[in-house]
Amino acid sequence: MLSQRVTREQNQRADRERAEDRHDHAQQAMRDLYARLNTTARAYRVAAQDAVRAAERGEIVEPTALDAAKEAWSEEYSQAQMALAKDVLEVASTLNRTLGVGYSVVKQLPSSPDQAGSYGRAKAWFSGPLSNGVYLLRVTLRHDLGVEVEPDFEQTRTQMLAALNSERRNLERLLASEQTRAARSD
């Protein structure tokens with residue numbers, strides 16, 4: 001009787017240890033994914049900013065760095081879509097669309113009818129809304145991991161997402177309008 005109880009307690013302890021190990025492994029995998037997601041988002045933004053600055057200086061912009069950063073982000077985002085909680089995925093998805101608009105901004109620079117205005121708009125986009133989006137992703141990831149927990153986080157996240165979506169839609173409309181005007185003038 002005593003030996004059965006000891007064996008049962010040992011088995012229960014071993015089960016708890018295995019469950020803790022699985023939890024620790026899952027947490028580490030999530031931290032690793034979050035770190036890669038944050039890193040690739042930042043690298044994508046920086047590569048786009050570098051492309052804008054180079055184009056503004058009149059340098060020939062090789063798309064390889066920007067395209068590589070875009071591809072790296074896309075890979076991490078694809079993996080994250082399968083692992084992120086709904087509210088974290090909402091932020092990552094919004095940032096994905098925002099980065100996509102940023103990519104379009106860079107790609108349309110050479111054909112823009114108002115070069116000075118386009119460079120100013122691109123720089124403002126990458127240092128303003130897009131930078132805010134990358135920041136929101138980082139803070140959201142840290143909040144989800146329990147590293148940085150703020151009591152009003154949900155309200156702040158909702159407000160920042162709304163502002164980011166609004167800015168993105170406005171820029172998409174502006175870019176579409178410019179493309180339409182450019183097509184009509186050809």
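This is a predicted model: local features need pLDDT of at least 70, side-chain atom pairs count only at pLDDT 80 or more; totals for chains, interfaces and linings use all residues.
Figure 1. Helix 5 and helix 6 have axes 10 Å apart and pack at an angle of about 150°. Since an angle over 145 degrees counts as roughly antiparallel, helix 5 and helix 6 are therefore roughly antiparallel to each other. The crossing in which helix 5 passes helix 6 is left-handed. On the helix 5 side the contact is made by Pro129, Asn132, Gly133, Tyr135, Leu136, Val139, Thr140 and His143. Helix 6 contributes Phe153, Glu154, Arg157, Met160, Leu161, Leu164 and Glu167 to the contact. Sorted by class, the residues in the contact of helix 5 with helix 6 are eight nonpolar, four polar and three charged.

**Figure 2. Packing of helix 3 against helix 5.** The angle between helix 3 and helix 5 is about 160°, and their axes are 10 Å apart. Helix 3 and helix 5 are therefore roughly antiparallel to each other. Helix 3 passes helix 5 in a crossing that is left-handed. From helix 3, Val88, Val91, Ala92, Leu95, Thr98 and Leu99 take part in the contact. Their partners in helix 5 are Leu130, Gly133, Val134, Leu136, Leu137, Thr140, Leu141 and Asp144. The contact of helix 3 with helix 5 comprises 10 nonpolar residues, three polar and one charged.

**Figure 3. Packing of helix 2 against helix 3.** Helix 2 and helix 3 cross at roughly 160°, and their axes come within 11 Å. Helix 2 and helix 3 are therefore roughly antiparallel to each other, with a left-handed crossing. By class, nine residues of the contact of helix 2 with helix 3 are nonpolar, three are polar and three are charged.

**Figure 4. The largest nonpolar core and the surroundings of Phe126.** This core has 38 residues. Trp73, Leu95, Phe126 and Leu137 are those with the most contacts inside the core. At least two core residues come from each of helix 1 (2-56), helix 2 (64-81), helix 3 (86-108), helix 4 (115-127), helix 5 (129-145) and helix 6 (153-185). Helix 1 gives the most, 10 residues. Phe126 is in contact with Arg45, Ala48, Gln49, Val52, Gly102, Val106 and Ser131, leaving aside its neighbours within four places in sequence.

**Figure 5. Leu84 in the loop between helix 2 and helix 3.** The relative accessibility of Leu84 is 10%. The limit for buried is under 20%, so Leu84 counts as buried. Not counting residues up to four places away in sequence, Leu84 touches Tyr34, Leu37, Leu89 and Ala92. The C-alpha atoms of Leu84 and Gln108 are separated by 32 Å, the two residues being 24 residues apart along the chain.

**Figure 6. Asn11 in helix 1.** Asn11 has a relative accessible area of 45% and is partly exposed.

Definitions and conventions: Residues are numbered from 1 along each chain as its sequence is written. Side-chain values use heavy atoms; hydrogens and water are left out. A nonpolar core is a set of buried Ala, Val, Leu, Ile, Met, Phe, Trp, Tyr and Cys residues joined through side-chain atoms within 4.5 Å. Buried means under 20% relative accessible area, exposed over 50%, partly exposed in between (1.4 Å probe, protein chains only). Helices (H or I, at least four residues) and strands (E, at least two) are DSSP runs, numbered from the N terminus. Contact means heavy atoms within 4.5 Å. Axes are lines fitted to C-alpha atoms, for helices over the stretch in contact, and angles run from 0 to 180 degrees between N-to-C directions. Angles under 35 degrees count as roughly parallel, over 145 as roughly antiparallel, 65 to 115 as roughly perpendicular and the rest as oblique. A crossing is left-handed if the near helix is turned anticlockwise from the far one by less than a right angle, and right-handed if clockwise. Ala, Val, Leu, Ile, Met, Phe, Trp, Tyr, Cys and Pro count as nonpolar, Asp, Glu, Lys and Arg as charged, and the others, Gly among them, as polar.
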